[in-house]
Amino acid sequence: APRGPFLVRQLQPGADPMAALAGALEATAAERSAGTQWPGETVGRLLAENADHQLLIFVDQLEELFTMAPRGARAAFIAALRVLRGDARVSLVLALCADQFAALMESALWPDLDGQPRLELPPLRGGELRAVIEAPARALGVHLEPALIERLLGDVADEPSALPLLQDTLQELWRHRTRRLLRLAEYDAMGEGGRSGLA
């Protein structure tokens with residue numbers, strides 16, 4: 001099994017998972033036009049540029065493959081993951097919300113994953129959830145209004161599978177920050193029709 005050091009690439013599938021994969025791997029147009037085996041060629045180039053490395057691909061929010069991507073795009077992405085999984089220089093880490101586990105089991109990807117190491121994480125609560133909200137901002141010297149933190153904590157408690165929503169919400173708040181401050185007013189402006197900004 002690969003042991004690194006690792007060259008890490010991260011992506012979220014979204015509605016066009018192959019474009020997300022190509023972007024994460026910095027695939028050239030020529031590589032992408034080479035057919036279904038292009039991920040392997042791209043890996044070869046990346047690792048030739050980063051001698052003595054292995055490639056670690058982290059697919060975050062894999063559930064987007066089942067909730068956003070059209071069937072054809074889903075099939076192409078799964079085929080690409082299978083090519084990558086067959087490459088000894090590549091390690092894959094897939095993160096999936098528990099409520100989409102059945103969709104994964106019914107997909108063509110499942111036979112490759114069944115029996116592979118799996119880590120199940122319980123939902124974050126209390127201080128751990130607060131740290132997920134505060135620590136990344138603090139590391140960058142950015143502050144969140146205390147009222148915003150409390151509102152986010154309350155809204156997350158009311159939403160199933162809230163971490164991906166929280167991630168997207170915090171990214172949106174980051175884009176609307178006032179200097180080095182994330183404010184409750186911007187979060188409130190994200191909500192509509194009585195729904196929270198998170199919803």
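At 44% relative accessibility, E26 is partly exposed, a class between buried (under 20% relative accessible area) and exposed (over 50%), taken with a 1.4 Å probe and protein chains only. R9, with a relative accessible area of 17%, is buried. The side chains of these two residues, E26 and R9, form a salt bridge at 3.2 Å, N to O; the term stands for a side-chain nitrogen of Lys or Arg within 4 Å of a carboxyl oxygen of Asp or Glu. The pair joins distant parts of the chain, since E26 is in the loop between α1 and α2 (29-32) and R9 is in strand β1, 17 residues apart. Helices (H or I, at least four residues) and strands (E, at least two) are DSSP runs, numbered from the N terminus.

## Basis of the model

This is a predicted model, in which local features need pLDDT of at least 70 and side-chain atom pairs count only at pLDDT 80 or more, while totals for chains, interfaces and linings use all residues. Residues are numbered from 1 along each chain as its sequence is written, and side-chain values use heavy atoms, with hydrogens and water left out.

## Other salt bridges

The count of salt bridges comes to eleven. In one of them, the side chains of R82 and D112 meet at 2.7 Å, N to O. This pair also links distant parts of the chain, with R82 in helix α5 and D112 in helix α7, 30 residues apart. R82 is partly exposed at 38%, whereas D112 is buried at 19%.

E186 and R183 form another salt bridge, their closest N and O atoms being 2.8 Å apart. Salt bridges with shared partners also join E31, R45 and E49 into one network.

## Nonpolar cores

A nonpolar core is a set of buried Ala, Val, Leu, Ile, Met, Phe, Trp, Tyr and Cys residues joined through side-chain atoms within 4.5 Å. The largest has 29 residues, and L21, L55, I57, L62 and F77 have the most contacts inside it. Elements that each supply at least two residues of this core include β1 (6-11), α1 (17-25), α3 (38-49) and α5 (71-85). Apart from this core lies another, of 18 residues, among them I133, V156, L166 and L173.

## Helix α9

The buried residues of α9 are L148, I149, L152, L153, D155 and V156. They pack against α8 (126-139), β4 (143-144), α10 (162-175), β5 (181-182) and α11 (184-190), where contact means heavy atoms within 4.5 Å.
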